[in-house]
Amino acid sequence: MPLRPDSHRVAEAAVQKFEALKPREWICRAKSSDYGVDLEVEIFTPDGRDTGLTFNVQSKGTAKEKLEKSVPISFETLKYLCKFDVPAIIFRHSEATGNSYWMWADEALAKAAPRAKKVAIKFSQSNLWNASTPARLETSVRYRRMIKERERLTRFPICFEATSAEKEIEFSAISGDLTASVPFLDAHRGRDGIQISVEMTPSSIAVAVADIAVLKENVPSLDNGARTAALAYLVLKLFVDLRFDAHAERVADFCLRRELPAPSRLLATDASMTLLDNPKSAVDLALLNELHKPSDWLALLFASILRSNSDTFGRSSDPVVRFYRAMINAKKTGEDDASLRYTLGNYLRSKRAYPGAVREYNAARKADPTYMERSYFLKELGGLLFMWRRFRCAAKAYERLVSQEDTPSARLLYGDALIYSGNPLAAKPVYAVAAEEASSTGAEAYLKIGLSGWLLESGASATDHAVLVAVRQREQERENAAGVFWAHLAITFLFEDDVECWADAIFLSFHKSELYLEAVLLCALKRCGVAAFLLMKSRRTALLVADPSILATLEELVAASIAAIRQESTYVPGLISGEIDKLYEERGIIRMERDLRF
């Protein structure tokens, strides 16, 4: 007769032990242990009333005393236990000693090493099941449900168990202003909600929400102001961790209004970021905490997130500008501030504050002359000057770019700066080299060689929209198809990505050679996708119906052009020459710019 495996008996004994330890009012429902959950527990009050609170249990028994404080569990099982809408505990019972231990599954998961397949859960004396455990479980399950619901009006009364009247007075002096200013923290208004317990020693303050979140900060000063600040910032951090953003913002605003400095840079960063919906206040709090001194990873992290939240368009009152200026001004004389100035220049550029951006770029290259040896910087500087309509200056930057990295894309940018600065004669040979490449870049250069010749012949300016429209009208009246084409193409390149312009350019290119038609299609598809072609097709239905072969030829060209464009890669300065790899190896710089002009 087969014997029952001892492991089954031990496992069953552990489940029975849990059922014996739990309050008799609680209901246990056995689950299939194949998936990691042995029991589902529903909590009832001592008088038998339903609370609606439940949690899961994975039970682990052992017959060996030396294994009672450790239990192996797969990482996947831990993740599975944490996926439920209700929390789960790992329950450990030792037959050898009669001791039982427990731990929340999410706590065990948080302690696990990344990418571990097996997790060895280690229990301490704080995990020992005792008479207070059921109350701790009930409180934690109730708080976890409230945290998950995240009601806007959830209260978080701050509670402190004073051991003497002196301690009570001391705590009131520290917390009184905070709880009076932020009423949902005031325990005197009721202890409903999620209680924040506070523990204080002469050198530290700790705050906790049951066994869900615990934070501690060393506060060597006995000054009430410093300890009030520490308490406020710790409570704020709790709200950040629990994702009660509106609550965190209220406490951050209190810290700002009371001008309370944080006890650490990490707490200061979290606090400042909670106010990002109001960038001015966020920067005010960051500067109050001297987050700009030094410009370390925390300052740069805050600055980066601040940039993405700002919508003040680079004005002098822009909080982003204020914070970067503070970081730059905090640098000691002779200390390199080039990267900060360059980053600020990029931000101003993105907000189209071109004069300010140029000043910062100029300051960056003065602080670090090697910027002028970096092709990405030259491309961005040229693009900035181009967008500011300083075309001659842009041409100088692009000329230097071509001297360092002679690519079709760099030549196209250089040629554009020349043609828009009123020098189409010099632009033609620049474009000629780029036009040799079989790509949309080569196609654009090919068109602009012809455009340069037309501008020289007509005397028109590539940047004067009104004149170009007048010339196009004049050529239409003369029935000069070539003149109409070139005038319209000049307007189209001036507007860059205008779908209607490109639709008409495709139609007008019918009157040129097939090379021009292919080149226009490549440019239109690169800039606007198929939208321009489809618009042209809908507007020129009569022509296309009259000669179906035209449409068939066009569609073949479009399909071939789309396939060709898909094979192209974006121009990244320094990629071919190895400059990017060198910058990363020597300075840790990673280039992310992918904008056509910049």
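Reader: Good to start with a loop: between which two helices is Glu496 found?
Author: Happy to start there, with helices taken as DSSP runs of H or I with at least four residues, strands as E runs of at least two, both numbered from the N terminus. This is a predicted model, in which local features need pLDDT of at least 70, side-chain atom pairs count only at pLDDT 80 or more, and totals for chains, interfaces and linings use all residues. Residues are numbered from 1 along each chain as its sequence is written, and side-chain values use heavy atoms, leaving out hydrogens and water. The loop that holds Glu496 is the one between α20 (481–495) and α21 (499–508).

Reader: Is Glu496 buried, partly exposed or exposed?
Author: Buried means under 20% relative accessible area and exposed over 50%, with partly exposed in between, using a 1.4 Å probe and protein chains only. Glu496 also has a positive phi, near 65°, although it is a residue other than glycine. Its relative accessible area is 27%, so Glu496 is partly exposed.

Reader: What is the phi of Arg150, and where does that residue lie?
Author: Arg150 has its place in the loop between α4 (133–149) and β8 (158–160). With a relative accessible area of 32%, it is partly exposed. Arg150 is a residue other than glycine with a positive phi, near 50°.

Reader: Which peptide bond is cis, with omega near -10°?
Author: Look at the loop between α9 (279–288) and α10, where Pro294 lies. The cis bond there runs from Lys293 to Pro294.

Reader: Which helices do the buried residues of α12 pack against?
Author: Helix α12 covers residues 338–350 and reaches 18 Å from its first C-alpha to its last, close to the 18 Å expected at 1.5 Å a residue, where the expected span is 1.5 Å times one less than the number of residues. Its buried residues include Ala338, Leu340, Tyr342 and Leu344. After the helix comes Arg352, with a positive phi near 65°. The packing partners are α10 (297–309), α11 (319–329), α13 (354–367) and α14 (375–387).

Reader: What percentage of the residues count as buried, and what percentage of contacts join residues at least 24 apart?
Author: Of the 598 residues, 47% count as buried. Among contacts between residues at least 6 apart in sequence, those joining residues at least 24 apart make up 61%.

Methods: Contact means heavy atoms within 4.5 Å.
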